[in-house]
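Work through the exercises below with the model in view. Try each task before reading its solution.

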Amino acid sequence: MRYRRACATGGTYFFTVNLADRSSCLLIERIDALRQAVRAVKQRHPFEIVAWVVLPEHMHAVWALPPDDTDFSTRWLLIKANFSRTIERGEAIRDSRLRKGERGIWQRRFWEHQIRNESDLARHVDYVHINPVKHGHASRAADWPYSSIHRYIREGMIAADWACDPERVAVDGERRG
C-alpha cells in the first residue's frame, strides 16, 4: 500500500504521535527531555506550535509550518530521535527493528491531517485541549499540566474554566450533537 502524506507549503497540520508501548508513561515521566527535544528541533527547523498536549503514551499537536516549508516529517524524526537518545536502553524491540538497528520507543509512523480552514483548525485545537479529559487523566482540561491550553488561558483566548463534553468531540475532531 502506498501512503501519501499531505504536502502543502506553509501548511497547518494536526498530528498524533504514539509510543510503541501504549501502557507506558514515558512521555510525562520524561517531559523535560521531550521539551528539550522539541526546542532543539525548533531552533534548526522552525515551526509554530498552535496547540499541543502530551499524554502518558501519546501526544497530539497542531503545527503551522513556515511559508516556504513542507517538511514536518523531518521535524518528527528529529524530535523522536533526540528524545530517544535520552532514554536508557532496555525497551522491548521486535526482530524487524533489531535488524535495522532501531529503538523500540516510538511507533514507526505518525498520523497527520492537513487543516483545511478556520473551523477545522478550531475543532482540532479543541480536540487537543480536551484530550486529557477524554482519556480520564483530568476532570477539566485546564487541570492537565502538559497542554498548550495554559497558553490559551494566559493570553485570554479561552476562559480558565473552558471545557466541553468530551463525548461531543470525536476522534477526527468533528463535533457531535
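Asp32 is exposed, at 57% relative accessibility; exposed means over 50% relative accessible area, buried under 20%, and partly exposed in between (1.4 Å probe, protein chains only). The model is predicted, so local features need pLDDT of at least 70, side-chain atom pairs count only at pLDDT 80 or more, and totals for chains, interfaces and linings use all residues. Residues are numbered from 1 along each chain as its sequence is written, and side-chain values use heavy atoms, with hydrogens and water left out.

**Exercise 1.** Find the residue whose side chain meets that of Asp32 in a salt bridge.

*Solution.* Start with the rule: a side-chain nitrogen of Lys or Arg lies within 4 Å of a carboxyl oxygen of Asp or Glu. The partner is Arg35, at 3.9 Å, N to O. Asp32 and Arg35 both sit in helix α2, three residues apart, about one turn of the helix. Helices here are DSSP runs (H or I, at least four residues), numbered from the N terminus. Last, check Arg35: its relative accessible area is 38%, so it is partly exposed.

**Exercise 2.** Describe how helix α2 and helix α3 pack.

*Solution.* Two packed helices are described by the angle between their axes and the distance between the axes. Axes are lines fitted to C-alpha atoms, for helices over the stretch in contact, and angles run from 0 to 180 degrees between N-to-C directions. Helix α2 covers residues 31-44 and helix α3 covers residues 72-85. Their angle is about 140°, and their axes are 8 Å apart. That makes α2 oblique to α3. The classes are roughly parallel (under 35 degrees), roughly antiparallel (over 145), roughly perpendicular (65 to 115) and oblique (the rest).

Now list the contacts, meaning heavy atoms within 4.5 Å. Ala33, Leu34, Ala37, Val38, Ala40 and Val41 in α2 meet Arg75, Leu78, Ile79, Asn82 and Phe83 in α3.

**Exercise 3.** Which residue forms a salt bridge with Glu88, and how far apart are the closest N and O atoms?

*Solution.* Arg30 does, with those atoms 3.4 Å apart. The pair links distant parts of the chain, 58 residues apart. Arg30 is in the loop between α1 (26-29) and α2, and Glu88 in the loop between α3 and α4 (95-99). Compare accessibility: Arg30 is partly exposed at 24%, whereas Glu88 is exposed at 56%.

**Exercise 4.** Is Asp120 buried or exposed?

*Solution.* Its relative accessible area is 0%, so Asp120 is buried. Asp120 also forms a salt bridge with Arg123, at 3.4 Å between the closest N and O atoms. Arg123 is buried too, at 17%. Shared partners join Arg116, Asp120 and Arg123 into one salt-bridge network.

Technical notes: Helices (H or I, at least four residues) and strands (E, at least two) are DSSP runs, numbered from the N terminus.
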